[in-house]
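I opened the model today to look up a few things and write them down in order. The notes follow.

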Amino acid sequence: MEETMTRGPGGKLALWVFYAFCGYFVWAMVRYFWVISEVETIPGATLDGEIASTTGKLLAALAGFIVLGIVGLILGGIAWYTRPRQIQE
């Protein structure tokens, strides 16, 4: 007889939190690019702290992506750790 493996309540919660975060991640990145695309680049802006420069926009997007990516990796690791496992006898 084949036994189906199911997640426990904690594993289900971890998986749904990970799914919700993935949705938030996509929404946050799309929203960031939508909002920041409305900021006009200042003529002659350099990397010296000018967020309105093209380089500043890309660096801010990269920083946000890295931070949210690290959080996603942690949540994904928790969801993976709480996956159903086949018990070996």
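Entry 1, helix 1. I looked up helix 1 and found 29 residues. I took its reach from first C-alpha to last, which is 42 Å, close to the 42 Å expected at 1.5 Å a residue. I note here that this is a predicted model.

Entry 2, overall make-up. I looked up the secondary structure of the protein and got two helices and zero strands. Helix 1 covers 9-37 and helix 2 covers 54-81. The protein has 89 residues, and 19% of them count as buried.

I checked where UniProt puts the feature "transmembrane region"; the unreviewed entry gives residues 13-34 and 58-81. I then looked at each span in the model. Residues 13-34 are 100% helix and 0% strand, and their end C-alpha atoms lie 31 Å apart. Residues 58-81 are also 100% helix and 0% strand. For that span the end C-alpha atoms are 34 Å apart.

Which residues of helix 1 are buried? I listed G11, A14, L15, F21, F25, A28, M29 and I36. I asked what the buried residues of helix 1 pack against. They pack against helix 2.

I looked up the largest nonpolar core and found six residues: F21, F25, A28, M29, L68 and L75. Helix 1 and helix 2 each supply at least two residues of this core. Helix 1 gives the most, with four residues. I then picked L68 and listed what it touches, not counting residues up to four places away in sequence. The list for L68 is F21, Y24, F25, A28 and M29.

Buried or exposed, I asked of F21? F21 has 13% relative accessibility, and the cut-off for buried is under 20%, so F21 counts as buried. F25 has a relative accessible area of 18%, so F25 is buried by that cut-off too. F21 and F25 are four residues apart in helix 1, so about one helical turn separates them. As a general point, an α-helix has 3.6 residues a turn, so residues three or four places apart point the same way.

Entry 7, aromatic rings. I looked up aromatic pairs, and the count comes to seven. The ring centres of F21 and F25 are 6.5 Å apart and the planes are at 40°, so this pair is tilted. Ring pairs link F21, Y24, F25, W27 and F65 into a cluster.

I looked at contacts in the protein with a separation of 6 or more, and residues 24 or more positions apart account for 65% of them. I then took two C-alpha pairs as examples.

S37 is in helix 1. S37 has 48% relative accessibility and counts as partly exposed. S37 and K57 are 20 residues apart in sequence, yet their C-alpha atoms are 8.7 Å apart in space.

G76 is in helix 2. G76 is partly exposed, with a relative accessible area of 21%. G76 and Y19 are 57 residues apart along the chain, and 8.9 Å separates their C-alpha atoms.

Key: Residues numbered from 1 in each chain as written. Predicted model: local features only at pLDDT ≥ 70, side-chain atom pairs only at ≥ 80, totals over all residues. Heavy atoms only, no water. Core = buried A, V, L, I, M, F, W, Y, C linked by side-chain atoms within 4.5 Å. Buried < 20%, exposed > 50% of the residue type's maximum accessible area, 1.4 Å probe, protein only. Contact = heavy atoms within 4.5 Å. UniProt positions renumbered as here; feature names shortened; annotations may be inferred. Expected span 1.5 Å × (residues − 1). Phe/Tyr/Trp six-rings, centres within 6.5 Å; stacked < 30°, edge-to-face > 60°.
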